[in-house]
Amino acid sequence: MVTGDSSYIKKINRSLIVQKIIEYGLISRADLSKITGLNKATVSVQVADLLQEELICETQLEQYSIGRRPIMLSINKDAGYVLGIDLDYKSITYTISNLNGNAVFETEQKLDTDDYDTIVQIIIKKIKEYQLEFSDSPYGLVNAVIGIHGTVNKLDESIRFNPRYKWIQKNIKEDLQKEIRIPLFIENNANLSAYAEKVYKHHLSNNLLTVILTSGIGSGMIIDGDLHKGYHGYSGEMGHMIIYPDGEACRCGNHGCWELYASEPKLLRKLEDELQLTNLTIADIQTFLEDGHVIVKSYFDQYLRYISIGLNNIINLYNPETIVMNSQLLKIYPEAVEKLKGLLISSVGEYGELVLSDLGNRSCVLGACALGIQHFLDVQEIRLTLPERTETHTEKSPV
Ligand SMILES: [Zn+2]
């Protein structure tokens, strides 16, 4: 066997071993051998390397019913840290996660600017601060993954278009990397959300679709186990699927796009008009629903109909195993999921399950952290446990 092949096989074996250690949390060498199908000698050699590199650690179980107490292996969670960044409009969330996927620090930075160059400098400053702050661990801050609320070219990871900031063709990776030496990865926020749903919640689902209802509608897709990005990387713009041929005019140039009817602000604005109120919030709607407000309930039911029209199309296109609806509004309506299911009446479209997201507005940043861990540990797939929410610090705009 030539050296190239043997080092390649060694790399694959190592990746598999690391993947299983993360998945099981605590596992013995013997069980690793059984689960991976690798012989005990191979596992021992790889484990010795990983121990030396401080990427894993050994623990002797305190209590064990029979025989010798086995030595268990786990990821050395504090060997290094990843930084997930959610670059939302006028707000950036930074989450530092250990290698187990647990957030150790989270801060939200408000922005008073939408100038691209200024924001790039703000992010550079923050990453450098975190690099210094976490430099005591063996690997320090190992990488950062940035979620962009817009289209991201999958080849050079540049932003093609960010609708709210109105940024067109910005190579943010290149601009940041001029001053930042750790690896950076740029990804669309909905893709990161879909990835987070799989990594943290729906481990076994290989055909997962997440629909994010916020000011617009975003969608991320895992198809046959992989993130589906399309030719350029711009797939998943479900909000711009046309549901009314002669409907309202959309900023994309078409008419009757789904997000003009089913994004969350649409329901709020319609209810404001109907009830002659201003600045309605989701909490207000929740109160109306709890009080059995007939008009609010009927508008909500109509809103669910609009959502179901788009879902019906998506289901027919992708035959998803899991559909995760990420929406604050749907969360406040106890019957939302059952009603949506009732509206999906096509005898052709099939799906496995329709659920609400438990990750909410953290899905993007959690996906960013998970992707950072996957890149650093160089594993094919990771399964993590949803972390407890850490306290989020809020900072004012630095400019
Ligand atoms: Zn549109």
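Student: Is the crossing of H8 and H9 left-handed or right-handed?
Tutor: In this predicted model, the crossing of H8 with H9 is left-handed. The axes of H8, residues 264-275, and H9, residues 282-290, come within 11 Å and cross at roughly 65 degrees.

Student: And which residues make the contact?
Tutor: On H8 the contact is made by Glu-264, Leu-268, Leu-271 and Leu-275, while H9 contributes Ile-282, Ile-285 and Phe-288.

Student: Switching to H3, which of its residues are buried?
Tutor: The buried residues of H3 are Val-43, Gln-46, Val-47 and Leu-50. They lie on the same side of H3, because the arc they cover around the axis is only 100 degrees. As background, an α-helix has 3.6 residues a turn, so residues three or four places apart point the same way.

Student: What sits on the face turned away from the buried side of H3?
Tutor: That face of H3 carries the exposed residues Ala-41 and Gln-52.

Student: How far apart are the end C-alpha atoms of H3, and what span should its residues give?
Tutor: The end C-alpha atoms of H3, which runs over residues 40-52, are 18 Å apart, and this agrees with the 18 Å that its 13 residues should span at 1.5 Å a residue.

Student: Now backbone angles: what is phi at Asn-319, and where is that residue?
Tutor: Phi of Asn-319 is near 45 degrees, a positive value in a residue other than glycine, and Asn-319 is placed in the loop between helix H10 (294-318) and strand S15 (322-326). In general, most residues other than glycine have a negative phi.

Student: What about Asp-378, and where is it?
Tutor: Asp-378 is not a glycine, yet has a positive phi of about 55 degrees, and its place is in the loop between helix H13 (363-377) and strand S17 (392-395). Its relative accessibility is 41%, so Asp-378 counts as partly exposed.

Student: Then Thr-392: which residues does it touch?
Tutor: Leaving aside residues up to four places away in sequence, Thr-392 touches Glu-106, Thr-107 and Glu-108. Thr-392 itself is in strand S17 and, because its relative accessibility is 29%, counts as partly exposed.

Student: How far is Thr-392 from Phe-376, in sequence and in space?
Tutor: Thr-392 and Phe-376 are 16 residues apart in sequence, and their C-alpha atoms are 25 Å apart in space.

Terms used
Residues numbered from 1 in each chain as written. Predicted model: local features only at pLDDT ≥ 70, side-chain atom pairs only at ≥ 80, totals over all residues. Heavy atoms only, no water. Axes fitted to C-alpha atoms, helices over the stretch in contact; angles between N-to-C directions. Helix = DSSP H or I, 4+ residues; strand = E, 2+ residues; numbered from the N terminus. Left-handed = near helix turned anticlockwise from the far one by under 90°. Contact = heavy atoms within 4.5 Å. Buried < 20%, exposed > 50% of the residue type's maximum accessible area, 1.4 Å probe, protein only. Expected span 1.5 Å × (residues − 1). Arc of directions from axis to C-beta.
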